[in-house]
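Reader: Can you walk me through a few local features of this one? Keep it quick.

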Amino acid sequence: MSDYVRKTKEDRPVVAICYDFDKTLSPDDMQAQGYIQSVGYEVDKFWEKSDVLAKENGMDSNLAYMYLMMEEAKGNLVFNRKALEEYGSKVKLFPGADTWFERIRQYGEEHGVIVEHYIISSGLKEMIEGTSVAKAGAFEQIYASSFLYDDRGLAIWPAQVVNYTNKTQFLFRISKGVLDWNDPGVNDYFPQDEIRVPFRNMIYIGDSDTDIPCMKLVNSYGGYSIGVYNAETNDRTKVHKMMRDNRIKYFASADYRDGSEMDRLVKGILDRTAANEKLESIYYRNLKESNPNDC
């Protein structure tokens with residue numbers, strides 16, 4: 001018997017809303033909102049040095065920035081979980097994001113749908129955990145890069161790294177309810193009518209090319225991908241390209257306030273899901289009745 005805690009199919013449809021973090025829920029990279037400045041770098045110079053480190057050493061770009069964060073902390077600050085969470089507490093969120101998660105969850109509850117929110121990010125889990133929304137319990141699970149700590153609590157090595165290609169594994173984990181990073185049950189076969197969150201009931205919200213594999217996967221199985229842009233700059237270049245390339249089904253500004261375009265769009269998807277899942281349940285019931293020997 002597995003030691004891992006797994007989620008099973010519910011008596012109501014579950015909709016999983018999956019988010020990138022930087023420039024999707026927050027206007028800028030989380031590291032650029034206090035940490036980079038505290039180690040004496042201009043933001044552009046830090047990312048430039050990280051990119052050079054990755055290219056010269058054949059490194060994953062996320063491992064490069066994590067290494068550089070540890071190195072530049074020496075002599076400047078104690079690089080531990082508490083420090084990262086404190087930087088996370090200062091991360092700015094887009095308008096309405098502070099109340100969004102509970103509002104959408106409540107809307108789903110009122111319409112017969114269980115809504116769960118998940119983060120799938122190349123940013124740092126510790127910093128995301130330090131945000132006000134994470135502390136308030138907004139997220140069912142946070143999949144993001146993180147550090148290993150020694151017995152003094154200091155970060156010494158990457159524990160997990162999330163990049164744009166391995167992001168897709170977490171969609172399968174969410175779909176099957178196999179949420180633990182190390183649970184091999186993600187590879188198990190599940191009959192379609194036992195899948196906890198069918199891909200058609202997934203919404204993926206992101207802002208850039210790094211989200212494309214997840215967007216494409218969700219789209220291909222009947223789910224919903226939404227591209228976001230910053231309303232302050234009104235730069236829609238990326239979302240227009242993603243729309244032309246069939247990477248997303250919709251786009252909206254990263255405004256999560258009640259009544260915003262994003263708010264109306266997601267609520268519309270929840271309404272559609274509630275109606276569609278009633279038909280799906282009838283289909284599977286009829287299928288079982290017609291094939292009693294297969295049950």
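Author: Patches first. They are made of residues with over 30% relative accessible area and no salt bridge; like charges are joined within 9 Å, nonpolar side chains (Val, Leu, Ile, Met, Phe, Trp, Tyr) within 5 Å. A salt bridge is a side-chain nitrogen of Lys or Arg within 4 Å of a carboxyl oxygen of Asp or Glu. Accessible areas use the Shrake-Rupley method with a 1.4 Å probe, and for residues only the protein chains shown count as cover. The model is predicted: local features need pLDDT of at least 70, side-chain atom pairs pLDDT 80 or more, while totals for chains, interfaces and linings use all residues. Residues are numbered from 1 along each chain, and side-chain values use heavy atoms, without hydrogens or water.

Reader: Which residues form the nonpolar patch on the surface?

Author: L148, I156 and W157, with about 330 Å² of accessible area together.

Reader: Is W157 buried or exposed?

Author: Exposed, at 58% relative accessible area. The cut-offs: buried is under 20%, exposed over 50%, partly exposed in between (1.4 Å probe, protein chains only). W157 lies in strand β4, residues 155–160. Strands (E, at least two residues) and helices (H or I, at least four) are DSSP runs, numbered from the N terminus.

Reader: New topic. Where is K23?

Author: In the loop between β1 (14–19) and α1 (35–38). K23 is partly exposed, at 35%.

Reader: And where is N234 found?

Author: In the loop between β6 (224–229) and α10 (237–244). Phi of N234 is positive too, near 55°. N234 is partly exposed, with 43% relative accessible area.
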